[in-house]
Amino acid sequence: PFKISTYVKPIVVFGIGVIIYLIDKDERKKWTILYVLYGILTIGHLIILNRISTDFSIILHELRFMINIGYMLVLYIIFDYMYFKSENKEEFIVRLKKTLVATFIIYCITILIAIITGTSGKTYEYSDAYKLGFKGWLDSGQIFGHALSICLPFIIYYLLSYKTENKKIQILLKLCILMPIIILCLIGTKVTLFMCIIIVLSYVVLSTFFAIKNKEKSSIINIVFSIIILAGIFLLYTKTPTYYNMSLQGAVDTAYKNMDASSINWEEQYSELKVEEIPEGSEKFDARTEYNHYNIYATQKLKEKYVDGSLLPSDIRAKQMIYNFSKYKVADVEYKIFGLGYLNQPMDLAIEKDILMSLFSFGILGFLTMFIVPIALWIRAVYLMLRNIKKLDLETLLLFEGFSSFFFVSICAGYTFIYTNFSIFLVAIMYLLIHKLSKLKE
């Protein structure tokens, strides 16, 4: 798990963050409470996790996740400093927009090259060799797909609204829009494909509304182009890896449903999994946890082997939710505050939904540390947009859609907040939205 980027990215980002924190009193005052909260969370989390871990390497892995959370928080101070200390905020925002769009175009080109040359990795190669999906030369197709999803509303807007009289560049820009659409359809995950459909559809609806409102005939070409893309996605849906993967899951679920479980000797099956019972009232939390952990896990394994109708083999996130909630419910108060750890369970039951994961794995303090800033910004954005509803423009709404989709993806799928490959794009979208909100407020 410790690749070169594991060291380089935190060193660069934390180094810049520390410098800014030391030299700028305004930033120090603004972010100190959040960093103190993070420090308390990290120390408390690792101390209590050390009592229930069976291997010292687990603590090192947990520390890695804590560093990822810190990475996200330090990005706040870096972007905040760059934005608010810029002599020309408009120029900073223009550069940030260009950088964001260019970055994803480069990523998409490399993925397409990898697919064409047959050198692309498979999205699900770590878990299910039978599933389809392409991730290029990247480590995770899911993380890239989620990052691209939250930036896609703005990318579509930026490329379609780019002003140029050069016809060749106009065609090139439209081809650039097709690339992220194609990539999201080829990754093979349900969330990325459905997000792609929702985003293109919302662009068609919103751009049509503003075209009628502002009497902009020039927008008709962009709207028609977007409708053609949407129609293409629906027509080719059955050819996508996502459709194949969902059909495969459906076939497995149907086979399990049709199994005759009446002849199964449940006692015999359970005895294969059962361990020595830990006496109730044991003072050691690690023993109680291990016992509860084991019983819940054994039950899930049986449900995977012989379906009883309540959970199907494809309900992986439902199993994760039941397991983590059950474990959190019986935990002592310090574990409710600091969390039960992300890796303190079988990996197939490590919860993937980030918002729920932040509570179960990192406790109440973890949830506050991770989400207090984005939730506060989202509430402020809703308030300012409703108060200035007549002044809203298409760009503001699409940036808000991208930022809001982070919460949607985080709840439905996960692989968002604590991954450094994702978090920088979320912070970039946040500050583009902050800039638009400030203009709206003015």
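At what angle do helix H5 and helix H16 pack, and how far apart are their axes? In this predicted model, H5 (residues 141-161) packs with H16 (residues 420-441) at an angle of about 15°, and their axes are 9 Å apart. Angles under 35 degrees count as roughly parallel, and H5 and H16 are therefore roughly parallel to each other. Their crossing is left-handed. On the H5 side, the residues that meet H16 are Ile143, His146, Ala147, Ile150, Cys151 and Phe154; their partners in H16 are Asn421, Phe422, Phe425, Leu426, Ile429 and Leu432. By class, this contact of H5 with H16 comprises 10 nonpolar residues, 2 polar residues and no charged residues.

H16 also packs with helix H14 (residues 354-387). The angle here is about 30°, so H14 and H16 are likewise roughly parallel to each other. H14 passes H16 in a left-handed crossing. The contact brings Val373, Leu377, Arg380, Ala381, Leu384 and Met385 of H14 to Met430, Leu433, Ile434, Leu437, Leu440 and Lys441 of H16. Its residues divide into 10 nonpolar, no polar and 2 charged.

A further pair is formed by H6 and H8, which pack at an angle of about 25°. H6 and H8 are therefore roughly parallel to each other, and their crossing is right-handed. From H6, Lys174, Ile177, Leu178, Ile181 and Cys185 take part, meeting Ile221, Asn222, Phe225, Ile229 and Ile233 in H8. This contact of H6 with H8 has 8 nonpolar, 1 polar and 1 charged residues.

| Helix pair | Packing angle | Distance between axes |
|---|---|---|
| H5 and H16 | about 15° | 9 Å |
| H6 and H8 | about 25° | 12 Å |
| H14 and H16 | about 30° | 11 Å |

How many residues line the second largest pocket, and which lie nearest its centre? The lining consists of 27 residues, and Leu160, Ser161, Lys163, Ser218 and Asn222 lie nearest the centre. The elements that each give two or more residues to this lining are H5, H6 (167-186), helix H7 (190-214), H8 (219-235) and helix H15 (394-412). H6 gives the most, with 6 residues. By class, the lining of the second largest pocket divides into 12 nonpolar, 8 polar and 7 charged residues.

One residue links the two topics: Asn222 is among the H8 residues that meet H6, and Asn222 is also one of the residues nearest the centre of the second largest pocket.

Terms used
Residues are numbered from 1 along each chain as its sequence is written. This is a predicted model: local features need pLDDT of at least 70, side-chain atom pairs count only at pLDDT 80 or more; totals for chains, interfaces and linings use all residues. Side-chain values use heavy atoms; hydrogens and water are left out. Axes are lines fitted to C-alpha atoms, for helices over the stretch in contact, and angles run from 0 to 180 degrees between N-to-C directions. Helices (H or I, at least four residues) and strands (E, at least two) are DSSP runs, numbered from the N terminus. Angles under 35 degrees count as roughly parallel, over 145 as roughly antiparallel, 65 to 115 as roughly perpendicular and the rest as oblique. A crossing is left-handed if the near helix is turned anticlockwise from the far one by less than a right angle, and right-handed if clockwise. Contact means heavy atoms within 4.5 Å. Ala, Val, Leu, Ile, Met, Phe, Trp, Tyr, Cys and Pro count as nonpolar, Asp, Glu, Lys and Arg as charged, and the others, Gly among them, as polar. On a 1 Å grid over the protein atoms alone, a cavity is a set of points where a 1.4 Å probe fits but cannot get out, and a pocket is an open set with protein on both sides within 12 Å along at least five of seven lines; lining residues have an atom within 4 Å of a point.
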